[in-house]
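Welcome! Take a moment to look around before you read on.

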Amino acid sequence: KSQLQWGGRFDAGPAEVMQAINASISFDSKLWRQDIAGSQAHAAMLAKQGIITHEDQAAIKAGLEAIAAEIEAGTFEFSEALEDIHTNIEVRLTARIGEAARRLHTARSRNDQVATDFRLWVRDAIDGILAQIHSLMKALAERAAEHATTVMAGFTHLQTAQPVTFGHHLLAYVEMLARDAGRLQDARTRLNECPLGAAALAGTSFPIDRHATAEALGFARPTANSLDSVSDRDFALEFLSTLSICAMHLSRFSEEIIIWCSSPYKLIELSDAFTTGSSIMPQKRNPDAAELAKAKTGRIFGALTGLLTVMKGLPMAYAKDMQEDKEPVFDAVAAISLSLAAMEGMVRDMKANKDRMEALAGSGFSTATDLADWLVRVLKMPFRDAHHTTGQLVRLAEDKNSDLSHLTLADMQSVEPRITNEIFEVLTVQASVASRVSYGGTAPANVAKQAALWLERLA
Ligand code: ARG
């Protein structure tokens, strides 16, 4: 007789290739903890409802605990012939405790079982990633506090735009990561309903207590519709969407680190701990961790696209297509987790070249807006006129191969006679950043306050 639970109406076993394409144990063994937790909750509920005896439940409980210890110790033999983690554990339980194990699957199907296991796994993954995001945010806020007054070039179109502070730049990523964390929390809340007890697709005739199993497994409530329960993978998709947005943020940051480290910029340095050399070019120091954190985004977006494609056009309820939900999620979690850790390492490691930052911040007529603002404030010029006059001054400076602060007063007055010496006070990068005191602006005072606020929230 077939060992497989569904062997009753079959004479022969599956073809080798059938087994190869059908089996999921090579990857879903990752769900063993969740599978055992789900079975424990289910068995306890069955006993409480009088569906199985308390003796059977006690045997199941001890048997599952022993199996958990075997898996933990690495002595459990996973078998491809037994398809998946659910069957592997149930067959082992039967070998250990006999008859009682064969009652465990009452009022349950692998369809609601796997949906439950996977939700539990994703829920744990969310908690792990939230902790990593939190830790990265903290590293960023610490570095931001340290660099609240460090002036660096702010860019638009990757062209020098206006001076900003390095701390302000780092805190921008704290804001992004805070939204990522918020999205993960939201996804967790929506995910936190228990499909167990939906059985194959229609519910069950046994007097089960789905509220009890939901509670035992830490879910807020049971899912409301049995068809939806076994065929919904929104929770995985929402999770992957959130990871995709987070990975996009990490990828933008990675690219900035790569640019900042590049020879022409040299705004930051990464130490030996976070760079690699070249086997031929002895001078090289490459930011590989940033490059890989950026590239891992491909896997994460791919996981989302892949699972969306698996799910599209799938009629209700369960179909084996859905077994393809796990690997992309596992892979995306491994990728984001490594990227977050590497990013935190780089943030803690990087050294700012303050002189280079300040020099670049002052290049490219970056205080032109400050000059225009002065014309508005002091000469009461309309901003549009001030913009035009400043444009003429920039042109003059360009012609003289000078920057704005090195023009003479006579040069200035050749364009606008009312300009006085006072104007030179606003043309330094320090004066520029110090003036940006509007809420959310880059002024060192603002940045120090924001960094402190974040450190307090993250403590
Ligand atoms: N290994 C399966 C999966 O991952 C478990 C559910 C199997 N259910 C079924 N009716 N064949 O989706």
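Helix axes here are lines fitted to C-alpha atoms over the stretch in contact, and the angle between two axes runs from 0 to 180 degrees between their N-to-C directions. Keep in mind that this is a predicted model.

**Around the ligand**

- An oxygen atom of the ligand has a polar side-chain atom of Lys326 2.5 Å away.
- The side chain of Asp84 places an N or O atom 3.0 Å from a nitrogen atom of the ligand.
- For Ser24, an N or O atom in the side chain is 3.2 Å from a ligand nitrogen atom.
- On its own, the ligand would expose 340 Å², and the protein buries 86% of that area.

**How helix H6 packs**

- To describe two packed helices, you give the angle between their axes and the distance between the axes.
- The axes of H6 and helix H7 (residues 166–191) come within 9 Å of each other and cross at roughly 165 degrees.
- An angle over 145 degrees counts as roughly antiparallel, so H6 and H7 are roughly antiparallel to each other.
- Their crossing, H6 with H7, is left-handed.
- In the contact of H6 with H7 you will find 19 nonpolar, 2 polar and 7 charged residues.
- H6 also meets helix H10 (residues 234–261): these axes come within 11 Å and cross at roughly 20 degrees.
- Because angles under 35 degrees count as roughly parallel, H6 is roughly parallel to H10.
- The crossing of H6 and H10 is left-handed.

- As background, most peptide bonds are trans, and most residues other than glycine have a negative phi.
- Is the peptide bond from Met316 to Ala317 cis or trans? That bond is cis, and its omega is near -5 degrees.
- You can find Ala317 in the loop between helix H11 (288–311) and helix H12 (326–349).
- Ala107 is a residue other than glycine with a positive phi, near 60 degrees.
- Look for Ala107 in the loop that lies between helix H5 (85–97) and H6.

Conventions: Residues numbered from 1 in each chain as written. Predicted model: local features only at pLDDT ≥ 70, side-chain atom pairs only at ≥ 80, totals over all residues. Heavy atoms only, no water. Polar contact = N/O pair within 3.5 Å; in protein donor to acceptor, adjacent residues only side chain to side chain. Areas by Shrake-Rupley, 256 points an atom, 1.4 Å probe, with all protein chains shown as cover. Helix = DSSP H or I, 4+ residues; strand = E, 2+ residues; numbered from the N terminus. Parallel < 35°, antiparallel > 145°, perpendicular 65-115°, else oblique. Left-handed = near helix turned anticlockwise from the far one by under 90°. Nonpolar A, V, L, I, M, F, W, Y, C, P; charged D, E, K, R; others polar.
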